Amino acid sequence: MHERAGYVLCPFVLDFIETPIGPIPRVATTISLRDRWGTLGARTGVIRRNYKVSPGCYAVGSPGPQSPVLVTANYKLSFDALRLRLSGIDAWLLVIDTRGINVWCAAGKGSFSTDEVVQSVHRYRIGELVGHRELILPQLAATGVAAQGVRKGCGFTVLFGPVRSADLPAYLRQGKRCSEAMREATFTLAERAVLIPVELFLLAKPLLYLVGIVLLLSGIGPSVFSPAAALHRGGILLTATVLGIVGGAVLTPLLLPWLPGRQFWMKGLAANLPVALGGWALSAPRLVPVEQMALVLWIAATGSYLAMNFTGSTPFTSPSGVEYEMRRGLPAQMVAAGLALALWLAGPFC
Amino acid sequence: MHGYRYIDGVATLQVDRPRCIGCGNCVEVCPHRIFSLASGQLEVKDADLCMECGACACNCPVQVITVSPGVGCAVAILSAWVNRLLGRKALSGCC
């Protein structure tokens, strides 16, 4: 009935609800295998930049004119996080165009904005769909959306709901009230662990360049260039790089609250200290002392740098703080990496 | 946010308390719960927990809260530095 030439129905759409403003797609509140594959793709980074749903109005359950309107971003993971928590609830979902970026990042960077909410309410005729004048937004959208601006722009009152969509059913049951816990950002072990694959995926390209550079530099020696040394010493240095990545982009996120220090570059050093010592112990028999020193410095520098990069994935680092620690951490990392390079190059001549 | 503290004394959060009308918007939207209202008077309980997201300032109807908002991300700051150095404007390489 709702077939249109050239269009394919989204797999998460169950059917359509007839409303005064036309048919509205009703979406599933259970996860499908296809959703799971999509989540895997987005979480590993393969399709992270283009994992979207079309902006517009959707429905869950059997909503009517008095049902709540829940607003979210058009990143598919955000959309899923919302709809999959709504089984047994009748509501309208207003998905606004954030260019496929999640709520928190889109609000911070201006695409989940007061204007976008106001325009979406007009464009998708929400005022004709419902009798009330309330929009429920995720609390983390408050960075980009001014409640008073939305009221001025379209007459709707913004209610900031809980931080996590998992708390939405309780929030709605309690008469749209949040407990303190629902309003506070968290960063649990599971929330940190799920970020690791993307961090690693983003390193694949720089790592590829690094392989070439490392092989080239490792082959330089008394005989100008030795392919055998390039492979042997290059292999060791690449292994050390992988160890640095493990320390900085895997161990640091996992151990974050327990690592000493406030600054992430120092936390990275702490996480990489045992890693560097382990790497040193394993490779020491095959290397001269200057090379051993180079290896330890290199693992420390890469781990510290990657730990510093993880600031961008946390919900508690202020930009002023990140800039403060970068002015200290970055020079230290550059000195360590430079020294590592010089010692590594000096190795064959010792 | 239990178990986490970032660097002390750097957040740019400022509140002009005499002009506050006590509406409570900031108390509600802060994801680190740093504000409280006691008999209509706004208190900043712990300014060092501020991550400068700007939600409070954005939702303050009388603009008494100022904070220099931004993304606390090393990659974003680094690319901004590089862009400034090269005289470019575009921000790239981030979420």
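The following legends describe close-up views of a predicted model.

Local features are given only at pLDDT of at least 70 and side-chain atom pairs count only at pLDDT 80 or more, whereas totals for chains, interfaces and linings use all residues. Residues are numbered from 1 along each chain as its sequence is written, and chains are lettered from A and ligands numbered from 1 in the order in which they are written.

**View 1. Packing of helices H12 and H13 in chain A.** Helix H12 (residues 264–283) and helix H13 (residues 289–309) of chain A pack at an angle of about 150 degrees, and their axes are 7 Å apart. Helices are DSSP runs of H or I with at least four residues, strands are runs of E with at least two, and both are numbered from the N terminus. Axes are lines fitted to C-alpha atoms, for helices over the stretch in contact, and angles between N-to-C directions run from 0 to 180 degrees. H12(A) and H13(A) are therefore roughly antiparallel (under 35 degrees counts as roughly parallel, over 145 as roughly antiparallel, 65 to 115 as roughly perpendicular and the rest as oblique). H12(A) passes H13(A) in a right-handed crossing; a crossing is right-handed if the near helix is turned clockwise from the far one by less than a right angle, and left-handed if anticlockwise. Residues of H12(A) in the contact include A:Phe264, A:Trp265 and A:Trp280, and those of H13(A) include A:Leu295, A:Ile299 and A:Met308 (contact requires C-beta atoms, placed from the backbone, within 7 Å). The residues of this contact comprise 14 nonpolar, seven polar and one charged, where Ala, Val, Leu, Ile, Met, Phe, Trp, Tyr, Cys and Pro count as nonpolar, Asp, Glu, Lys and Arg as charged, and the others, Gly among them, as polar.

**View 2. Packing of helices H1 and H2 in chain A.** Helix H1 (residues 33–44) and helix H2 (residues 76–83) of chain A pack at about 135 degrees with axes 10 Å apart. H1(A) and H2(A) are therefore oblique to each other, and their crossing is left-handed. A:Asp35, A:Gly38, A:Thr39 and A:Ala42 of H1(A) make the contact with A:Lys76, A:Leu77 and A:Asp80 of H2(A). By class, this contact has two nonpolar, two polar and three charged residues.

**View 3. Strand S4 of chain A and its partner S5.** Five of the five residues of S4 (residues 69–73) of chain A are buried, so the strand is largely enclosed by the rest of the structure (buried means 20 or more other C-beta atoms within 10 Å of the residue's own, exposed 12 or fewer, and partly exposed in between, with C-beta atoms placed from the backbone). A:Val69, A:Val71 and A:Ala73 point one way, while A:Leu70 and A:Thr72 point the other way. S4(A) runs parallel to S5 (residues 91–96) of chain A, joined by five bridges (strands pair if DSSP finds at least two bridges between them). A:Leu94 in S5(A) is the bridge partner of A:Val71.

**View 4. The loop residue A:Ser223.** A:Ser223 lies between strand S8 (220–221) and strand S9 (224–225) of chain A. With 10 C-beta neighbours inside 10 Å, A:Ser223 counts as exposed.

**View 5. A hairpin in chain B.** Strands S2 (residues 35–38) and S3 (residues 41–44) of chain B run antiparallel and are joined by four bridges. B:Phe35 stands opposite B:Val44 in S3(B). Two residues separate the strands, and B:Ser39 in the turn has a positive phi of about 45 degrees.

Notes. Contact = placed C-beta atoms within 7 Å.
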